[in-house]
Structures are given as C-alpha cells and as structure tokens.
Amino acid sequence: MSALLEVAGAVTGYGRTRVLHGLSLTLNEGRSLGVCGPNGHGKTTLMRAVSGLLRLWEGDVRFDGKSIARSAPQSIVEAGLIHVPQGNRLFPELSVAENLRLGAYSQRARPNEAENLERVFALFPKLKTRRSQKCRTLSGGERQMLSIGVGVMAQPRLLILDEPNLGLAPIVKEELGEAIQDIAERDITLILIEQDIEFIMSVTNHTLVVEQGEITVDTSIAGDMTHEEIVSRYFGENA
Ligand SMILES: Nc1ncnc2c1ncn2[C@@H]1O[C@H](COP(=O)(O)OP(=O)(O)OP(=O)(O)O)[C@@H](O)[C@H]1O
Ligand SMILES: [Mg+2]
C-alpha cells in the first residue's frame, strides 16, 4: 500500500497568526481517515492547506508522491484531490442536476459524467427524485447530500468532507452516514472531519485529534483506544 497523501511539517495560518504548528500525517490509498478536535483548532485550515486554498509557510504536501504545495487549486482538482468545504457552497438558483453537472467540470471528471451521476443517484436516491428542483428550496440534509454528490461528480481519488453532518437532525445524519460509509468502502480514499467521535470512529479506519494546530491523538499509534478514551482526552480531564 502506498501513501496517497503525505503532509510533512505543515505550518500555516492567517495574517501573522499561526494556526498549524508543524503538522504531519500520512494516508494510504483506499483508506479512510477521521479528523476531529475542538472548534477553531485548525481542522478546516489543514484541509485548505492540503487542497491548495491556503499556502504553507513551512513544510510540504505530497499527493501520489508529488509535491502539490505550490500547485494551483485547479491542478490539484485535476489530480483528483477533491475538497467539499465546510458550509454550503452550492449555486442556490441552479437545479440539483445543474449543480451536479458543475461538479464534473474538470477534464478528469468530464468523460465520466454520466457514470458518476448514476453513482451519486445510487448513493442519494432522494437527489434523483429532486433533480429538477432549485437548490435553494432543498432541506439542509438534502443540501449536504448534494454537496457530497458534487464532490463525487469530480471523480475523486481523495475526497475530503469537512463536517458534512453539521447542524443536521439525527435521522438525517444517519442517512448521510450510510452514504459516507458506502463511499469509504469503495475505491475512494476519504478524509472525514466530524465532531461526533463515535460516528467518525465507526466510519473511518483511523482517527486523528487536532488540538491547537497539532495532532494530539492518532488512533493508529494509540492502538485500540475507545471513543470514550478519546472523548476524555479531547474534552480534557474536567469534561
Ligand atoms: N479566513 C480566516 N482569517 C483569519 N483567521 C481565520 C480564518 N479562518 C480561520 N481562522 C482562524 O483560524 C483558527 C482555526 O480555524 P479553523 O477553521 O481551521 O478551525 P476548525 O478546527 O475547522 O473549527 P470548526 O470545528 O469550528 O470548524 C481559528 O482561530 C479561526 O478563527
Ligand atoms: Mg472547520
């Protein structure tokens, strides 16, 4: 098994504020990685640095063995590294089908558009029945399904989902969780950022906790840590 993604000593931030303090991780092809940690501790920042939206101050990011630390976001997308950002980045006035079609804009994804569309509809049958509906009229859960669907349309080798469950009701979360599990069990390498540790550990092969811009727990090193042990570590002694 070879490393698809390697982050080595990543340091970056905003303005003069350092957010990541030399963070490193490796993810092998076909595996799935969970990332959790308290709000504002650098999870999204790490993913922005990986997908080229934020420049590294120090360190390197390698995708499939090649450094992408200086690559433009578009060429990172063409290489198959697809980042579904936190929050809603859909086109509200376009339909479900039109939003999905825009997900397949890269040269990499365009030839497989029809096949990937079927894949998305198999993952989220609801989107198929609502294909002509304007995105702004979708429920929060449907919008998240569509966001993930747009990511799948881009034909990812590595798919990064940044808190796809945020603010959703438990029943919707369960439905979304099944689809995410399905993605993780296929050929797509997955990074899932998520606050629910029990959920994240049930879906992914291993989990990292990011605190203050550093990895403080790595379940692949920590061995058989239960989610309770991680919760107590994550929330501290007084939780
Ligand atoms: N565009 C920005 N400009 C300035 N500071 C930012 C910006 N985006 C994030 N930050 C700051 O960087 C730090 C890390 O934020 P980040 O969004 O990476 O956290 P997070 O772990 O993803 O949090 P959450 O769980 O709430 O999504 C925070 O202190 C945040 O205020
Ligand atoms: Mg975030």
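Trainee: Which residues surround ligand 1?
Mentor: Ligand 1 is surrounded by Tyr14, Val19, Gly37, Asn39, Gly40, His41, Gly42, Lys43, Thr44, Thr45 and Gln86, where near means a C-beta atom, placed from the backbone, within 6 Å of the molecule. This is a predicted model, in which local features need pLDDT of at least 70 and side-chain atom pairs count only at pLDDT 80 or more, while totals for chains, interfaces and linings use all residues. Residues are numbered from 1 along each chain as its sequence is written, and chains are lettered from A and ligands numbered from 1 in the order in which they are written.

Trainee: Which element gives the largest share of that shell?
Mentor: Helix H1 (residues 43-50), with three residues. Helices (H or I, at least four residues) and strands (E, at least two) are DSSP runs, numbered from the N terminus.

Trainee: And how does the shell split by class?
Mentor: Two nonpolar, eight polar and one charged. Ala, Val, Leu, Ile, Met, Phe, Trp, Tyr, Cys and Pro count as nonpolar, Asp, Glu, Lys and Arg as charged, and the others, Gly among them, as polar.

Trainee: Tyr14 again: what is its bridge partner in E2?
Mentor: Thr17. Strands E1 (residues 3-14) and E2 (residues 17-28) run antiparallel and are joined by nine bridges; two strands pair if DSSP finds at least two bridges between them. Their hairpin has two residues between the strands, and Gly15 there takes a positive phi near 60°.

Trainee: What else does E1 pair with?
Mentor: Strand E4 (residues 58-63), antiparallel, over five bridges. Glu6 stands opposite Arg62 of E4.

Trainee: Switching to confidence. Which elements have the lowest and highest mean pLDDT?
Mentor: Helix H10 (residues 227-235) is lowest at 70, and E4 is highest at 98. The protein averages 91, with 95% of the residues at 70 or above; pLDDT is the predictor's confidence in each residue, from 0 to 100.

Trainee: Now H6. Is it enclosed or open, and why?
Mentor: Helix H6 is largely enclosed by the rest of the structure, because 11 of its 14 residues are buried, meaning 20 or more other C-beta atoms, placed from the backbone, within 10 Å of their own. Among the buried ones are Gly141, Leu146 and Val150.

Trainee: What covers them?
Mentor: The cover includes strand E6 (81-84), helix H3 (96-103), helix H4 (113-123) and helix H7 (170-185), counting contacts as C-beta atoms, placed from the backbone, within 7 Å.

Note on methods: Buried ≥ 20, exposed ≤ 12 C-beta atoms within 10 Å, placed from the backbone. Contact = placed C-beta atoms within 7 Å.
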